[in-house]
Amino acid sequence: MIAVQCKNLHAAYERNALKNGESILKGISFSLESGTKLAILGSNGSGKSTLLKAICSMIPTEGEVLLNGRDSSGMKRREIASCVSYMTQVSRIFFSYTVYETVLMGRYLYGSGLFGGVSDKDREVVENCLRRTGIFHLAKRQLSALSGGELQRTFLARTFAQEAPVLMLDEPANHLDLKVVAGMTDYLLEWSSEEGHTLIGVYHDIPLAMRLSDSLLLLKDGKLCGFGKKKELLDQGLLEDTYDFDVISYLKQQVLF
Amino acid sequence: MREKRTGLKILSAILFSVIVMILAVGLGSVSLSPGKIMAILFHKLFGRELPGGITASMVSILWDIRIPRAACAFIVGAMLSLSGAVVQSLLQNPLASSYTLGVSSGASLGAAIIIVSGITLPILNYLLLPLTGFVFGLATVLLVLFCSVRLDRNLRSHTIILFGMILSLFVNAILTMLSAAFSQHMQRLILWQMGSFSGRRWEHAGILLAICVAGTFLTCMFHRELDLMSFGEEDASSVGVDTSRSRFLLLILSSVLTGAAVCFTGVIGFIDLAAPHAVRRLFGASHRILLPMSALIGGAFLALADLLARTVLSPQEIPVGAVTALLGAPFFLWVYFGSRRRT
């Protein structure tokens, strides 16, 4: 089954820019099988985050995005959120909630009644997500009292709590120390090994991207530079083309021991 | 433990409100004890006989003057505070309130036009001035939203704040010109802009109560959307909130609440800004509790401010807007720095 498909997708942050042909994404087409682990790679400003936002209809687009075979332009926000959960690169806090309250917000779609009551299932899922991301002990802590890494894990837990089959993460390892990244990588791999789960991630850390992917989507100046199985693209030297730089040799030099 | 503490805090807030209301209806040139207040209430509501020592003028003072006035103050405080809480979360700006959207400027202009033109309509009678104020207030907000949508289809916070401020300044300028051109009405215009509950009747309280109850109920239905939208558009819509629709509905709802409050009483500042902040400090940011508690605390606070406004320099009345700021600023500092020390 195809989880996400884009056909000649153009996207920009303003509708006028799209009309004037100044789009950031320029005619992206690909289709992603359910169960894939995809890493989107490209240099700064190549349109990686824009592609994630375009897939979940957060910015003006032209062309088609199909989620589970349905055209997303005809879908309501709730329907899109039930197909795809998306963790943004930067989440800002203006008012301080507790960690538990924040993760519970991920259960928005499942609220019942006029005032969106919380069910036992919601509590169970939230506690499970808090454990999975290693922040169960912080449940009662205020967001304003968290470190950058703890905050990042809180938002990750909220994204998990949404229980959508497609998980899109924009730089999930930002602010995280190595031990936490290792833990996060393990549970992302565990989550994506479950049937029907598709993981799409934007990463700057290439070794992390390689661990968390079996397919790659390479972007350069808003255009598709390569899409397919990781090994095939690497063998063709497309990673070097994407970054205009000998990435593999550079990474080999980075090994310290 | 946490739930128990929150429960205790809610009970204390309710108790505080009840005490404030007893004081608000009991104190004044003729002071009435809680016992006398209860006796008069039972007499009016259930036809019980009045005990000795309670004169007909006491009944009239309490039933016809003080209760409607205190009720109006409480309800208006609740409406202003509630809409302040909503707008702050929607625009992710702790300094915003529905006044930021131009409601008060528009309503003031509408009221000023009625005052200086001297228009009267027998059918609407005393409702003409508030109704015109309300229509102008809402029209200003709609214009702000219309301009914002034209520029930015996603109705982002900074666009709304910018247009709200521009339009408010523009409307205020017209108001200033009107005041200058019709200087004989200047005093009435200034008094209206400072707000007052003097002479408020049961009819006013009834209309305000209906709008307040409906508005509170509808707003509380959106408590989860407000929680999510206070993190920003992207976070809210990624979880499934239709941000444009929710934002539009909530902005209109809070404008109706503020517009109705302002048009019956004039512009009363500070409550909309400070009460929701104080409640956030005391009860946390979750809108499930923040919204009803903002209404309760805002209501009690304005009832208290109005009590002081009419009693401190009695028989002269101080504009209630001045009292809210005089009383509110230190209270706000106490809540803010007090809870900061504790955390």
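Reply: Before we start, helices here are DSSP runs of H or I with at least four residues, strands are E runs of at least two, and both are numbered from the N terminus. Keep in mind that this is a predicted model.

Me: What radius of gyration does chain B have, next to what the globule rule gives?
Reply: The C-alpha atoms of chain B fill a box of roughly 65 × 60 × 35 Å along the principal axes. For 343 residues the globule rule gives 20 Å, and chain B comes close to that, so it is as compact as a globular protein of that length. Its radius of gyration is 21 Å.

Me: What about the radius of gyration of chain A?
Reply: Here the box for the C-alpha atoms is roughly 50 × 50 × 35 Å, again taken along the principal axes. The globule rule gives 18 Å for 257 residues, and chain A is close to that, so it too is as compact as a globular protein of its length. The radius of gyration of chain A is 19 Å.

Me: What percentage of the residues in chain B count as buried?
Reply: Let's start with the contacts: among those in chain B with a separation of 6 or more, 76% are between residues 24 or more positions apart. To count as buried, a residue needs 20 or more other C-beta atoms within 10 Å of its own. Of the 343 residues of chain B, the buried part is 48%.

Me: And what percentage of chain A is buried?
Reply: In chain A, 66% of the contacts between residues at least 6 apart in sequence join residues at least 24 apart. As for burial, out of 257 residues the buried ones make up 42%.

Me: Are H8(B) and H11(B) roughly parallel or roughly antiparallel?
Reply: Helix H8 (residues 202-221) and helix H11 (residues 243-265) of chain B have axes that come within 10 Å and cross at roughly 165°. The crossing is left-handed. Angles over 145 degrees count as roughly antiparallel, so the pair is roughly antiparallel.

Me: Which residues in H11(B) does H8(B) meet?
Reply: From H8(B), the residues involved are B:His204, B:Leu208, B:Ile211, B:Gly215, B:Leu218 and B:Thr219. By class, this contact has eight nonpolar, three polar and no charged residues. The partners in H11(B) are B:Leu253, B:Val256, B:Leu257, B:Ala260 and B:Phe264.

Me: How does H3(B) lie relative to H13(B)?
Reply: Helix H3 (residues 56-90) and helix H13 (residues 287-311) of chain B have axes 6 Å apart and pack at an angle of about 140°. Their crossing is right-handed, and the contact has 18 nonpolar, seven polar and one charged residues. An angle of about 140° makes H3(B), relative to H13(B), oblique.

Me: Which element gives the largest share of the side of chain A that touches chain B?
Reply: In total, 27 residues of chain A are in contact with 25 residues of chain B. Helix H3 (77-83) and strand S6 (84-87) of chain A are the elements giving two or more residues to that side. The largest share is three residues, and the element is H3(A).

Technical notes: Residues numbered from 1 in each chain as written. Chains lettered and ligands numbered in written order. Predicted model: local features only at pLDDT ≥ 70, side-chain atom pairs only at ≥ 80, totals over all residues. Axes fitted to C-alpha atoms, helices over the stretch in contact; angles between N-to-C directions. Parallel < 35°, antiparallel > 145°, perpendicular 65-115°, else oblique. Left-handed = near helix turned anticlockwise from the far one by under 90°. Contact = placed C-beta atoms within 7 Å. Nonpolar A, V, L, I, M, F, W, Y, C, P; charged D, E, K, R; others polar. Rg over C-alpha atoms; globule rule 2.2 N^0.38 Å. Buried ≥ 20, exposed ≤ 12 C-beta atoms within 10 Å, placed from the backbone.
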